Amino acid sequence: MASNDSEISQEFRFFRVYKDGRLEFFRPPCEKIPPSDDPITGVRSKDVTVSSEPPVVSTRIFIPKITNPNQKFPLLFYVHGGGFSMMSAFAKQYHDFCTTVSAQANAVVVSVEYGLFPDRPIPACYEDSWTALQWVASHVGGNGPEPWLNNHADFGRVFVGGDSAGGNISHTLAFRVGSIGLPGVNLDGVILVHPYFGGTEDDQMWLYMCPTNIGGLEDPRLKPPARDLARLGCERVLIFVAEKDHLNAVGKNYYEELKRSGWQGSVEIVENFGEVHCFHLHNPNYSKAAELTNTFVTFIKGH
């Protein structure tokens, strides 16, 4: 007879739960790389701690080549994906993506390292990301703790973006900006790449990772109501969906719901035909990946 130690209680897309409470993840932890100066693009990066008191929140900041000491750049606040339980702002694919966006969009990029399940269950990811965005905003007057942001960030051109889980988190940040404000910051646009929202088999996994969820499947972070969508604190939204992604339908549904909500901004959706979830991160030199990145960059530059 099998012992309870090996009996599976629940199984989700990214991990299984045993009856004794153990978790087994199906993918190994991601490889993290240090910040660096990119000799090809001239983009520099460094890691900065936002909050040193527990829970510690940190960011990786990217800055393009500076040709004028008074030069101001648009700022992208980026939220990585990984199912709320994996990946990192310091993973190679996110480091490389942010470096590329910084170089091509001529933008400062602040990529947030937020708390992950199981060490820090949901809503840690949302709270850490909001803490980091507020920290970014603390530089509006030019007297914050980070010189790169004081000297070179244009807070009239701020963007929030993310992929997968990070797209979901980005939505909640835009809602908070619209609801309670972010003084001195103009949130120009939000970019959601293959975002996660409710409506798939992954809903039960999200609920398991968020034991304090509000109303189960009706939790507004899982299923944003029209009143929340109408209060997004940005002027423009760009949504990417991939044809072969299991999140294709929820991304399209978000687009339709946003248009119907009464929100006053403009929204655009781009479908990556023939492609799977977050394909652009796995092979950035692939022509369709470069096309996605170019559209992402053009949205930032198109103010």
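Student: How much space lies in the largest pocket?
Tutor: Keep in mind that this is a predicted model. In it, the largest pocket holds about 870 Å³ of space. Its lining is made of 42 residues, and the closest to the centre of the pocket are Arg 27, Gly 82, Gly 83, Met 86 and Met 87.

Student: Which helices each supply at least two residues of that lining?
Tutor: Among them are α1 (92-105), α5 (203-209) and α8 (279-282).

Student: Let me look at α1, then. How far does α1 reach from its first C-alpha to its last?
Tutor: The 14 residues of α1 reach 20 Å, close to the 20 Å expected at 1.5 Å a residue. Just after this helix, Asn 106 takes a positive phi of about 55°.

Student: How should I read a list of buried residues in a helix?
Tutor: Start with the general idea: an α-helix has 3.6 residues a turn, so residues three or four places apart point the same way. Now take the case of α1, where the buried residues are Tyr 94, His 95, Phe 97, Cys 98, Thr 99, Val 101, Ser 102 and Ala 105.

Student: Do β6 and β8 run parallel or antiparallel, and how many bridges join them?
Tutor: Strands β6 (residues 73-79) and β8 (residues 153-163) run parallel, joined by six bridges. For one example, find Leu 76, whose bridge partner in β8 is Phe 159.

Student: What span should α7 have, and how far apart are its end C-alpha atoms?
Tutor: Helix α7 (residues 248-260) has 13 residues, so at 1.5 Å a residue it should span 18 Å; its end C-alpha atoms are 19 Å apart, which agrees. Just after α7, Gly 262 has a positive phi of about 95°.

Student: Why does Ser 170 count as buried?
Tutor: A residue is called buried when its relative accessible area is under 20%. Ser 170 counts as buried because its relative accessibility is 0%. This serine is found in helix α4. Leaving out residues up to four places away in sequence, Ser 170 touches Val 79, Val 160, Gly 161, Gly 162, Val 190 and Leu 192.

Student: And which residues are in contact with Ser 129?
Tutor: Ser 129 lies in helix α2 (residues 124-137). Apart from neighbours within four places in sequence, Ser 129 is in contact with Phe 77, Val 79, Val 112, Tyr 114, Ile 169 and Leu 173. Ser 129 also has 0% relative accessibility, so it counts as buried.

Student: Now the other sheet, please. What is the order of its three strands?
Tutor: The order is β1-β2-β3, in an open sheet with antiparallel pairing. Here the edge strands are β1 (8-11) and β3 (23-25). A hairpin of three residues joins β1 to β2. Another hairpin, with four residues between its strands, is formed by β2 and β3, and Gly 21 in its turn has a positive phi of about 95°.

Student: Which residues are buried on each side of β2?
Tutor: In a regular strand the side chains alternate between the two faces of the sheet. On β2, Phe 15 and Val 17 are buried on one side, and Arg 16 and Tyr 18 are buried on the other. Val 17 is the bridge partner of Gln 10, and Val 17 also stands opposite Leu 23 in β3.

Conventions. Residues are numbered from 1 along each chain as its sequence is written. This is a predicted model: local features need pLDDT of at least 70, side-chain atom pairs count only at pLDDT 80 or more; totals for chains, interfaces and linings use all residues. Side-chain values use heavy atoms; hydrogens and water are left out. Two strands pair if DSSP finds at least two bridges between them. The expected span of a helix is 1.5 Å times one less than its number of residues. On a 1 Å grid over the protein atoms alone, a cavity is a set of points where a 1.4 Å probe fits but cannot get out, and a pocket is an open set with protein on both sides within 12 Å along at least five of seven lines; lining residues have an atom within 4 Å of a point. Grid points are joined across faces, edges and corners, and a volume is the space filled by probe spheres set on the points. Buried means under 20% relative accessible area, exposed over 50%, partly exposed in between (1.4 Å probe, protein chains only). Contact means heavy atoms within 4.5 Å.
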